[in-house]
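The stops below can be selected in the order given.

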Amino acid sequence: MAVPGKCLLVTGPPGVGKSTLIMRVFETLKASNPNLKIQGFYTSEVRQGSERIGFQVVTLDGRTAPLASTISSPESFRWPNVGKYKVNVASFESLALPELQVKEDIDLFIIDEVGKMELYSSSFFPAVLKVLESNIPLLASVPIPKFGRDIPGVARLKNHPGATIFTLSPSNRDAVKEEIYLQLVDLLSKQ
């Protein structure tokens, strides 16, 4: 089992800045210790003008792949839906799953996010659990419960004995970023 506190989860409503916070923590860690081996991915919006037309997965070294889109294609009619978005599970898996391979030299995993779109991949949550069981620190974002109920995979993460949950709001973003950064510096110094 993971050591308590090795899984740092950021939650909050859509648009509150979970992804931005995770990327700022990542950038600050890399700047203060360029030799850290950090692996994982984040999601970013895809826009056409001012309209959000989808999401992409971005690895920490900058490679991208489509995650979901509002634009239909001949193959997308078979894909699962989340709201108005069609989720491209194969594209997501091809980029995200290799990033979650547990290796000896990794210091930290970042996963943004463990959400409904990502969980359409049947291989994704088992890969997340392997990361959790590896004892390598994990910084991840999870959605806030909809209608008071967590997605089962998210509930499992939140209830993990090593999980610390940070609920983000516009008023506490800077303080939470600093707290997560300091916890990670502490965890990484003990490895």
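What covers the buried residues of H5? The cover includes strand S1 (7-12), helix H1 (18-32), strand S7 (108-112), strand S8 (138-143) and strand S9 (163-167), where contact means heavy atoms within 4.5 Å. Helices (H or I, at least four residues) and strands (E, at least two) are DSSP runs, numbered from the N terminus.

Before going on, note that this is a predicted model, in which local features need pLDDT of at least 70 and side-chain atom pairs count only at pLDDT 80 or more, while totals for chains, interfaces and linings use all residues. Residues are numbered from 1 along each chain as its sequence is written, and side-chain values use heavy atoms, with hydrogens and water left out.

**Stop 1: helix H5**

Select residues 173-189, the 17 residues of helix H5. Now colour Val176, Lys177, Ile180, Tyr181, Leu184, Leu187 and Leu188, the buried residues of H5. They lie on the same side of H5, because they cover an arc of only 135° around the axis; the arc is taken from the directions from the helix axis to the C-beta atoms. Turn to the other side of H5 to find Asp174, Ala175 and Ser189 exposed. Buried means under 20% relative accessible area, exposed over 50%, and partly exposed in between (1.4 Å probe, protein chains only).

**Stop 2: glutamine 39**

Next, select glutamine 39 in strand S2 (residues 38-48). Glutamine 39 counts as buried, at 6% relative accessibility. Its side chain makes a polar contact with the side chain of lysine 37 (3.5 Å). A polar atom of the glutamine 39 side chain also lies 3.1 Å from the backbone oxygen of glutamate 99. Beyond its neighbours within four places in sequence, glutamine 39 is in contact with residues including Leu60, Pro98, Ile106 and Phe109.

**Stop 3: glutamate 99 and arginine 63**

Stay on glutamate 99, which forms a salt bridge with arginine 63, the closest N and O atoms being 2.7 Å apart. A salt bridge here is a side-chain nitrogen of Lys or Arg within 4 Å of a carboxyl oxygen of Asp or Glu. The pair links distant parts of the chain, 36 residues apart: glutamate 99 is in helix H2 (residues 89-99), and arginine 63 is in the loop between strand S3 (51-59) and strand S4 (64-69). Glutamate 99 is buried at 10% relative accessibility, whereas arginine 63 is partly exposed at 40%.

**Stop 4: a salt-bridge network**

The whole structure has 6 salt bridges. Select Glu45, Arg47 and Arg52, which are linked in a network of them. Glutamate 45 pairs with arginine 47 at 2.9 Å between the closest N and O atoms, and with arginine 52 at 2.9 Å, N to O. Glutamate 45 is partly exposed at 38% relative accessibility, as are arginine 47 at 45% and arginine 52 at 30%.

**Stop 5: the nonpolar cores**

Finish with Leu100, Ile111 and Phe124, which touch the most other members of the largest nonpolar core, a set of 35 residues. Helix H3 (residues 124-133) gives the largest share of this core, 7 residues. Apart from it lies another core, of 25 residues, among them Leu8, Leu21, Ile22 and Phe166. A nonpolar core is a set of buried Ala, Val, Leu, Ile, Met, Phe, Trp, Tyr and Cys residues joined through side-chain atoms within 4.5 Å.

Notes. Expected span 1.5 Å × (residues − 1). Polar contact = N/O pair within 3.5 Å; in protein donor to acceptor, adjacent residues only side chain to side chain.
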